[in-house]
Amino acid sequence: MTNTIYGIKNCDTMKKARTWLDSHDVAYAFHDYKASGIDKAHLQRWSKTVGWETLLNRAGTTFRKLDDAAKAGLTEAKAIALMLEQPSMIKRPVLEAGNKILVGFKPEIYAKEFA
C-alpha cells in the first residue's frame, strides 16, 4: 500500500502525524502543498470522499482573514477555488492510505488504520 501525507512542512499537527507514522514504521511519501502546490483533481477527489466541509480549514488564520464576501455562500466549487488559491486553507494533514483519505490527525484513528 502506498501512503502519501499532504500538508505543510512546519505545521505542528503535521509534525505530530509524521512522528506517529515514523514511530510506527509506516512508510509514506510527504507532499508539501505549500512548496509544491496541489491540483484541482486532488481537491475534487478528496472533497467527493470526505466532503468539502471537512477539507476546508475554517479555523485557520488564512480563512479567518478572508473578507465576509469571500466566506459567504460557500459551495464545494467556491471552497475548492479558495483552497487552490491558498493551500493553507486545506485542513492538515490529508493522508491517502490506499483507498482511504484521512483528514486531520488523531492517533487513535491512525492506530486503527495501520493496526
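**Exercise 1.** Decide whether Tyr6 and Trp46 are buried or exposed, and then work out what kind of aromatic pair their rings form.

*Solution.* This is a predicted model, in which local features need pLDDT of at least 70, side-chain atom pairs count only at pLDDT 80 or more, and totals for chains, interfaces and linings use all residues. Residues are numbered from 1 along each chain as its sequence is written, and side-chain values use heavy atoms, with hydrogens and water left out.

Begin with accessibility: Tyr6 and Trp46 are both buried (under 20% relative accessible area, where exposed means over 50% and partly exposed in between, with a 1.4 Å probe and protein chains only).

Next, take the rings, of which the whole structure holds five aromatic pairs (Phe, Tyr or Trp rings, the last by its six-membered ring, with centres within 6.5 Å; planes under 30 degrees apart are stacked, over 60 edge-to-face, the rest tilted). Because the planes of Tyr6 and Trp46 stand at 70°, with the centres 4.9 Å apart, the pair is edge-to-face.

**Exercise 2.** Which parts of the chain does the pair of Trp20 and Phe114 tie together?

*Solution.* The geometry comes first: this pair is tilted, at 6.2 Å centre to centre and 45° between the planes. Since Trp20 lies in helix α1 (residues 12–23) and Phe114 in the segment after α7 (107–113), the pair ties together parts 94 residues apart in sequence.

Terms used: Helix = DSSP H or I, 4+ residues; strand = E, 2+ residues; numbered from the N terminus.
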